[in-house]
Amino acid sequence: MANTATAYRMEVQPILLKELSLHCFINQGELAAHLGVSRPTVNLTINRGYVPIKVAQYREKTEAYLQNLPGVNEWLMRGGFRISDIWNPLGKLLHRAHPKKRPPCKKSGDQSENKTSVEVEMISQEAMKHFKLFRNPFIDDIQKDADIYMSDEHRYIEAAMLDAARHGGFLAIIGEVGSGKSVMRRKVIEQLKRDGDTLVIYPQMIDKSRVNASSICDAIVMDISSERPRVKLEDKTRQVQRLLLDRAKSGYRACLVIEEAHDLSVQTLKYLKRFYELEDGYRKLLGIVLIGQTELKEMFNEAQHVDMREVIRRVQVAEIRGLNGNLRDYLTVKFKRIGAKAEDIFSDDAFEVLSRRLTSTGRDGKSKISHAYPLHVNNYTARALNLAQEMGEERVTAEVIEAI
């Protein structure tokens, strides 16, 4: 046993509990709360074998808690372990291990995949004071264009969206949850409003699976005119064509922007191709920008959706990828807007480790997939700040990131 003061100087040597927690998604915070200790104490236990002196029956309470969790006993039996074996050392390599994609402790039939294994977390008041932060850099963080971090990839996607809006393009923007799709949409729409020559049509229907040709016509009529949409679809279609043509002759462009486009039906996507074909001579009357999650990309796979080929062969696809390679610049922007310097909060090696923690290996076992989307980076950073404060670290170091 060791006291807390010497625990941080103990050699990194994970125990079997580390592997168990990775496979079975055991929440360190919940385990710590059950034991009546801090999360850093539990982290020291699984990564260094630390057992606090002042906590009575620490091992026994830990074992009893784990045995009541779904799948734990099954995992132990499959590996030929007893519950008491969780304290056995495993070696340093496991210190950098990540949760498996489909952990054997998940209940049967659960096909969910874990990519980042990070929960939404707020920066604690103690951490805010510790790092002299007067505002949370990730809350209400977009007030103007300067608050948006723009990598070269983001600038390309912004330019592609503006081009589709101004020149009648058919574009699909695809990105994971938290990748910044909505932020890009807001930035582009604000730019179009400032330019003043493009009418943005933005359907408000919450359930995008119910969007159809009729509701799209309604949105176009209501967003570019003061007229009421006609009742019959044939009348609506003629009304849309007339209004778009009138606006084009007055020097205006029109662009239809649909978020959550991955929920659109195949038939609706085919209808969009018909809207895209509305023309005045050689000029397209309507640009279309679809914004959706990765399921939308799968819908544009012609090998799987042959019936969609008329749409697939006309739509341009642009994908928002992770921030790996740009993490330092991204966090610099976020902290600068609240009057803080990222270099005062993070050590140089922390960014490299954070990038690695937010990268996984593809199904081929070779390719690297980045999950460094803004939402995930924000959550990891909040957790790192909290942990660094609890550990008494002046800055977020590589070791702190590894301990998350």
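These questions and answers go through how features of this predicted model are classified.

User: What kind of model is this, and which residues count?
Analyst: The model is predicted: local features need pLDDT of at least 70, side-chain atom pairs count only at pLDDT 80 or more, and totals for chains, interfaces and linings use all residues. Residues are numbered from 1 along each chain as its sequence is written, and side-chain values use heavy atoms, with hydrogens and water left out.

User: How many helices and strands does the protein chain have, and what makes a run count as one?
Analyst: The protein chain has 19 helices and 9 strands. Both are DSSP runs, numbered from the N terminus: helices are H or I with at least four residues, strands are E with at least two.

User: Why is K187 called buried?
Analyst: Buried means under 20% relative accessible area, exposed over 50%, and partly exposed in between (1.4 Å probe, protein chains only). K187 has a relative accessible area of 11%, so K187 is buried. K187 lies in helix α9, residues 181-195. Of the 404 residues of the protein chain, 49% count as buried.

User: How do you know that K187 makes a polar contact with E158?
Analyst: A polar contact is a pair of N or O atoms within 3.5 Å; within protein, one must be able to donate a hydrogen and the other to accept it, and residues adjacent in sequence count only if both atoms are side-chain atoms. The side chains of K187 and E158 make such a contact at 2.6 Å.

User: Which residues does K187 touch?
Analyst: Contact means heavy atoms within 4.5 Å. Leaving aside residues up to four places away in sequence, K187 touches D145, I148, M150 and E158.

User: Why is R242 called partly exposed?
Analyst: R242 has a relative accessible area of 33%, so it is partly exposed. R242 sits in helix α11, residues 233-249. Its contacts are E227 and R230, not counting residues up to four places away in sequence.

User: What makes β3 a paired strand?
Analyst: Two strands pair if DSSP finds at least two bridges between them. Strand β2 (residues 198-201) and β3 pair in the parallel sense over 4 bridges. V200 stands opposite C255 in β3. Another 4 bridges join β3 to strand β6 (residues 287-292), and these run parallel. Here L256 stands opposite I288 in β6.

User: How many residues of β3 are buried?
Analyst: In strand β3 (residues 253-258), 5 of its 6 residues are buried, and the strand is mostly covered. C255 counts as buried because its relative accessibility is 1%.

User: How many disulfides are there, and what is the rule?
Analyst: A disulfide is a pair of cysteine sulfur atoms within 2.5 Å. By this rule the count comes to 0 disulfides.

User: What makes α10 largely enclosed?
Analyst: 9 of the 12 residues of α10 are buried, so the helix is largely enclosed by the rest of the structure. Among the buried residues are C217, D218 and V221. C217 is buried because its relative accessibility is 2%. The cover includes β2, α11, β3 and α12 (266-276).

User: Where is the N-terminal cap of α10?
Analyst: N212 caps that end. A side-chain oxygen of N212 lies 3.1 Å from the backbone nitrogen of S214.
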